[in-house]
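Could you walk me through this protein model?

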Amino acid sequence: MRKIALFASGSGTNVENIINYFENNSIVNQYLVLVNNPHAKVIEKAEKRKVPVYIFDKNKLNNGELAEKLADFAPDLIVLAGFLWKFPEDLVKKYHNQVINIHPALLPKYGGKGMYGHFVHEAVLANKEAETGITIHYVNENYDEGAIILQAKTAVEEHCTAEDIAKAVQALEYKHFPLVIEQLLFKEK
């Protein structure tokens, strides 16, 4: 049985998708959702599923309380699923190759600070890219620069809007993110 720590900042659609994926799968038996936004919709989604939620701020991040909470939970994998803060360097080192992120673009393009959600999709559109997609990668000390685990692509048609791109990218996220998590958890055994 495995434990997943899920970090999120917003709506929690990927968190919900991951929990749904493993619902009838005996490999994962425990989750902890860690949220840096006390108004995030992910909190309600987690609580409906009876998944414990830990809300933290910069103070809890900097004073070691977050690190202690993670250590007590002892996750097998830490998943950043729409988490908008830079992941702390001390935790990256402590959980080396146990922290993964999903990014809504084909890295190294459109990565870095401030490049998330609609900002990425609008940039892809403005630059008239022929394709975009997702990148699932290990987290290191720099935004979106960790080793790539998987990339999946989707075409960007001439008539596409940023919303169309967002829907296509989200479909890739829902399909591939749980599968990669499952593969990594089996690899750990």
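## About the model

This is a predicted model, where local features need pLDDT of at least 70, side-chain atom pairs count only at pLDDT 80 or more, and totals for chains, interfaces and linings use all residues. Residues are numbered from 1 along each chain as its sequence is written, and side-chain values use heavy atoms, leaving out hydrogens and water.

## The sheet

Let's begin with the strands. Helices (H or I, at least four residues) and strands (E, at least two) are DSSP runs, numbered from the N terminus. Two strands pair if DSSP finds at least two bridges between them. Seven strands form an open sheet with mixed pairing, in the order β3-β2-β1-β4-β5-β6-β7. Because β3 (53-55) and β7 (148-155) stand at the edges with a single partner strand each, one side of each has no neighbour in the sheet.

Now look at one pair: strands β1 (residues 2-8) and β4 (residues 77-80) run parallel and are joined by four bridges. Here phenylalanine 7 stands opposite leucine 80 in β4.

## The nonpolar cores

A nonpolar core is a set of buried Ala, Val, Leu, Ile, Met, Phe, Trp, Tyr and Cys residues joined through side-chain atoms within 4.5 Å. Buried means under 20% relative accessible area, exposed over 50%, and partly exposed in between (1.4 Å probe, protein chains only). The largest nonpolar core has 41 residues, and Ile4, Leu6 and Phe177 are among those with the most contacts inside it. Helix α7 (residues 162-188) gives this core its largest share, eight residues. A second, separate core has 19 residues, including Leu32, Phe73, Leu80 and Tyr95.

Contact means heavy atoms within 4.5 Å. Leaving aside residues up to four places away in sequence, isoleucine 4 touches several others, including Phe22, Val79 and Ile181.

## Two buried loop residues

Glutamate 129 is found in the loop between α6 (117-126) and β6 (131-138). Is glutamate 129 buried or exposed? Glutamate 129 is buried, with a relative accessible area of 17%. Its side chain joins that of tyrosine 110 in a polar contact of 2.6 Å. Such a contact is a pair of N or O atoms within 3.5 Å; within protein, one must be able to donate a hydrogen and the other to accept it, and residues adjacent in sequence count only if both atoms are side-chain atoms.

Asparagine 25 sits in the loop between α1 (13-22) and β2 (28-35), and asparagine 25 is buried too, with a relative accessible area of 18%.
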